[in-house]
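Biologist: Hi! Could you walk me through this structure in plain words?

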Amino acid sequence: MENIIHVTVIDREGKEHLLEAPTDMNMNVMELCKSYELPVEGTCGGMAMCASCQVYVLSDHLLPAKSDNEDAALDQAFFVKSNSRLACQIHLTKELDGLKLKLAGE
Ligand code: FES
């Protein structure tokens with residue numbers, strides 16, 4: 001289908017989940033994970049404030065640069081690595097087909 005991409009998410013037990021993601025519904029990766037009932041908190045509802053949606057980006061997709069808010073939230077978070085991003089700040093676009101992520105620790 002034209003407006004569907006695939007995103008692989010590895011949960012905290014190391015299990016891979018292949019998710020079908022719509023690119024025409026203005027969704028982000030945090031919302032996508034929640035729709036598949038993966039354990040992503042998303043406490044702030046996608047405002048880049050809580051960092052409870054932290055993921056590690058494993059594929060080499062070029063993501064838009066972090067906003068100041070995303071940087072600030074990750075500054076306060078635990079288990080942050082160089083490939084950490086906030087899932088709520090990754091918007092599903094065609095270019096992200098094949099994206100691979102791992103949920104960060106809680
Ligand atoms: S949901 Fe709070 S930072 Fe992403």
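**A chat about the core**

Modeller: Happy to! This is a predicted model, where local features need pLDDT of at least 70, side-chain atom pairs count only at pLDDT 80 or more, and totals for chains, interfaces and linings use all residues. Residues are numbered from 1 along each chain as its sequence is written.

Biologist: Which residues touch the most other members of the largest nonpolar core?

Modeller: They are V7, V29, M30, C33 and A87, out of 21 residues in that core. A nonpolar core is a set of buried Ala, Val, Leu, Ile, Met, Phe, Trp, Tyr and Cys residues joined through C-beta atoms within 7 Å.

Biologist: And which element gives the most to this core?

Modeller: That is α1, with 4 residues. Helices (H or I, at least four residues) and strands (E, at least two) are DSSP runs, numbered from the N terminus.

Biologist: Where does A87 lie?

Modeller: In the loop between β4 (84-86) and β5.

Biologist: Why is A87 called buried?

Modeller: Because A87 has 25 other C-beta atoms within 10 Å. The cut-offs are 20 or more for buried, 12 or fewer for exposed, and partly exposed in between, with C-beta atoms placed from the backbone.

Biologist: New topic: which strands pair with β5?

Modeller: β1 pairs with β5 in the parallel sense over 4 bridges, while β3 (residues 54-57) pairs with β5 in the antiparallel sense over 3 bridges. Strands pair if DSSP finds at least two bridges between them.

Biologist: Which β5 residue is the bridge partner of V9?

Modeller: L101. For Y56, the partner in β5 is K102.
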